[in-house]
Amino acid sequence: MSSEEARGPSDVELGRRAFRRRQGFRSVLISIASTLALALVAWITIINTPGWARVQQTFFEPGVALEALPRVWDGFLLNVRVLLFAAAGVLVLSIVIAGIRTLRGPIFFPLRALAAGYTDLFRGMPLIITLYLVGFGIPGLIGAGGPRIPSEVLGTIALILTYSAYVSEVFRAGIEAVHPSQRLAARSLGLSHGASMRLVILPQAVRKITPALMNDFVAMQKDVGLISVLGAVDAVRAAQIETSHAFNFTPYVVAGLLFVLLALPLIRLTDWYSARLRAREQSGAIV
Amino acid sequence: MTAVLRLEGIHKSFGSTEVLRGIDLTVDSHQVVALIGASGSGKSTLLRTINLLETVDDGQVWLAGVDVSDPSVRADAVRARIGVVFQHYNLFPHLSVLDNVTLASRHVFGSPRPTAEARGLELLERIGLADHARSFPDRLSGGQQQRAAIVRAIATNPELLLLDEITSALDPELVTEVLDLVRELKADGTTIVMATHEMAFARDVADRVVFLDRGVIAEQGTPAEVFGNPQQPRTREFLSRFLQ
């Protein structure tokens with residue numbers, strides 16, 4: 001490093017750098033111009049549609065938005081709470097299911113079959129039907145005399161059931177993507193199947209599947225809005241109530257924007273992490 | 001004295017391919033036995049059957065007088081007594097070099113972390129990798145990784161060390177540092193069974209050389225006997241390819 005500083009770049013390299021700078025500057029200008037042009041075309045097209053004035057009034061009314069915001073925000077906080085509990089539940093249940101599915105030996109057949117059946121069932125079942133089955137089925141099982149479970153808790157259970165089925169498959173793929181020689185090395189040290197899994201295989205699997213996991217988390221972030229079908233007053237439900245008061249759909253747009261704002265940081269983080277992982281792989285690093 | 005390792009009539013097939021066809025072998029304490037033979041002669045499979053990474057189809061594996069091929073024997077406990085070094089090092093990429101070395105001490109033998117790390121650092125010091133204790137394996141050269149892998153295998157003082165072509169994946173200039181370490185282990189009295197293509201090294205270090213050919217032991221003896229005066233035509237043919 002120091003020798004390079006002492007030497008200084010050659011004229012050829014200086015020329016190349018100047019050329020790259022000019023190129024970079026030009027591309028920024030072009031991208032700004034094209035973005036503006038596209039936005040202008042889209043804007044003109046939309047405002048010139050015959051129903052634009054009506055749509056603007058019913059969906060984008062600032063006064064209604066401001067009035068609805070406090071209640072929608074309160075509902076949104078419930079969504080965030082449900083999301084955090086559901087994410088923690090999914091993480092635990094999916095690792096257990098994935099672990100069961102990788103067990104070998106005939107003793108574990110019933111467990112394996114159960115786990116496979118579980119992932120098949122809940123990956124196939126639409127979330128909304130799971131929500132109804134859990135939301136109305138579990139209180140039915142408890143009976144009228146039993147305790148009343150809050151609908152947001154039932155909704156969280158339904159989310160955990162559905163998403164664990166997906167996420168456990170992601171974990172299983174990650175576990176199987178770790179090279180068999182790693183398992184061999186772990187077992188040759190005398191580590192048991194469980195210890196090899198916990199200390200050697202899973203930590204490497206998690207690194208491989210982090211982008212996929214984050215993606216599933218983003219998907220769940222918006223699906224927490226579906227718990228409103230069970231009657232929990234979340235952002236969507238609050239927006240529905242506000243909408244029926246104001247005879248205006250703007251509260252839905254408010255709720256939708258809140259979900260997008262929640263998702264954006266994580267989406268960006270996922271992209272950044274995936275890019276970093278790709279860069280490390282290309283530089284020859286293993287993890 | 002009981003032999004550290006005794007193999008009796010080991011058979012192993014993969015599908016219709018018979019890889020091992022009746023192997024008998026005894027390894028005494030402090031002995032270094034070199035397995036030589038062409039690729040596919042069964043060297044690696046034999047090493048894997050010894051530490052139960054493969055179950056044998058027939059025959060018995062005796063470790064210090066106990067038949068460990070008996071299915072009621074706990075395989076994890078047997079493997080904990082045998083160190084293995086692989087061709088491709090197989091270090092754990094998500095753990096530091098020191099964690100690689102101390103993993104078995106801490107999680108198989110239940111040593112407290114300070115004890116295990118003191119021993120690990122002492123071993124890494126010995127092979128000149130103490131500075132790299134907190135590095136991750138991908139920062140090390142192939143030779144350094146393989147030496148770390150050897151230290152990982154011996155950190156728990158195994159009764160037997162298995163080396164599976166440990167220099168085959170290394171650049172020629174890195175082979176020496178790994179082989180020097182094996183020489184030191186021999187000087188310490190470690191009992192070693194190694195599959196190798198390094199004939200000069202086998203001649204130099206091994207107490208006994210075993211030539212495997214198509215799943216059977218075609219010839220065995222001291223290095224002087226096997227390299228100096230091979231009795232079997234197959235052995236002569238195999239060695240002549242190396243001596244050219």
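B:Ser13 has B:Glu18 of strand E2(B) as its bridge partner. This is a predicted model, in which local features need pLDDT of at least 70, side-chain atom pairs count only at pLDDT 80 or more, and totals for chains, interfaces and linings use all residues. Residues are numbered from 1 along each chain as its sequence is written, while chains are lettered from A and ligands numbered from 1 in the order in which they are written.

**Strand pairing in chain B**

- Strand E1 (residues 5-14) and strand E2 (residues 17-27) of chain B run antiparallel and are joined by 8 bridges; strands pair if DSSP finds at least two bridges between them.
- Strands (E, at least two residues) and helices (H or I, at least four) are DSSP runs, numbered from the N terminus.
- The hairpin of E1(B) and E2(B) has 2 residues between the strands, and B:Gly15 takes a positive phi near 60° there.
- E1(B) is also joined by 5 bridges to strand E4 (residues 58-63) of chain B, again antiparallel.
- In E4(B), B:Leu63 stands opposite B:Leu5.

**Contact between chains A and B**

- Chain A contributes 19 residues and chain B 18 residues to the contact, where two residues are in contact if their C-beta atoms, placed from the backbone, lie within 7 Å.
- On the side of chain A that touches chain B, helix H8 (180-188) and helix H9 (193-223) of chain A are the elements that give two or more residues.
- That side of chain A has 11 nonpolar, 6 polar and 2 charged residues; Ala, Val, Leu, Ile, Met, Phe, Trp, Tyr, Cys and Pro count as nonpolar, Asp, Glu, Lys and Arg as charged, and the others, Gly among them, as polar.

**Domains of chain A**

- Chain A is divided into domain 1 (2-47) and domain 2 (61-282), with bounds from an automatic or database domain assignment.
- The centres of these domains of chain A, taken over C-alpha atoms, are separated by 41 Å.
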